[in-house]
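Q: I would like to go through this model with you. Could we begin with the surface and then turn to the fold and the aromatic residues?

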Amino acid sequence: MTNPMGNANRNRPGLPTPPSGWPIGSYPTYAEAQRAVDYLADNQFPVEGVTIVGVDLMQVERVLYRLTWGKVIGGGMVSGAWLGLFLGLLLSLFTSGGAFGPLIVGLVGGIIFGLISATIPYAATRGQRDFASTMQLVAGRYDVLCDPKTAEQARDMLARLAI
């Protein structure tokens, strides 16, 4: 079957593939792996063939604080108020008369919208998630890989770098 649009996928990158190359260094943090690649770049090494690979990936959820109805309602009101003030300000630019009316309407509407959009999802959890958190993808270590043709030179250069 032919594509009537021509080869639309011609300029798209291919499917994700595993990294390739020879390991030239392994570091406990991303900052150290980045420093190693930066060292190679600073010393005119062709870094186009270098890849930093996170190994032993973990999803880490860091708990920020306990959620209560007061925090949920307060947060909903504040975020809604900001959105409402912004929309009220935009509306006041396109209306004749004073800017005070659209700002008040936007503020009240935003607070109501913020309350609804914050309290309904919280109520739906029925107390099974009474905390706020952030999620990160973290690696246990970071390997630096290099094209085989220049890997030995890169290893020698990184051996001079004391990390």
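A: Accessible areas here come from the Shrake-Rupley method with a 1.4 Å probe, and for residues only the protein chains shown count as cover. On that basis the protein chain exposes about 11,700 Å², of which carbon and sulfur atoms supply 62%. This is a predicted model, in which local features need pLDDT of at least 70 and side-chain atom pairs count only at pLDDT 80 or more, while totals for chains, interfaces and linings use all residues. Residues are numbered from 1 along each chain as its sequence is written, and side-chain values use heavy atoms, with hydrogens and water left out.

Q: What percentage of the residues count as buried?

A: Of the 163 residues of the protein chain, 24% are buried, where buried means under 20% relative accessible area, exposed over 50% and partly exposed in between (1.4 Å probe, protein chains only).

Q: How does the radius of gyration compare with that of a compact globule?

A: The protein chain has 27 Å, whereas a compact globule of 163 residues would have a value near 15 Å. The radius is taken over C-alpha atoms, and the globule rule is 2.2 Å times the number of residues to the power 0.38. Along the principal axes, the C-alpha atoms fill a box of roughly 70 × 50 × 40 Å.

Q: And the secondary structure: what is the pattern along the sequence?

A: The protein chain follows β-α-β-α-α-β-α, which comes to 4 helices and 3 strands. Helices (H or I, at least four residues) and strands (E, at least two) are DSSP runs, numbered from the N terminus.

Q: Switching to aromatics, how many aromatic pairs does the structure hold?

A: The structure holds 2; rings of Phe, Tyr and Trp (its six-membered ring) pair if their centres lie within 6.5 Å, with planes under 30 degrees apart counted as stacked, over 60 as edge-to-face and the rest as tilted. Y30 and Y142 form an edge-to-face pair, at 5.7 Å centre to centre and 70° between the planes. Y30 lies in helix α1 (residues 30–42) and Y142 in strand β3 (residues 131–146), 112 residues apart.

Q: Is Y142 buried or exposed?

A: Y142 is buried, because its relative accessible area is 14%. Y30 is partly exposed, at 42%.

Q: Which residues form the other pair?

A: W69 and Y122 pair edge-to-face, at 4.8 Å centre to centre and 85° between the planes. W69 belongs to helix α2 and Y122 to helix α3 (residues 100–124), 53 residues apart.
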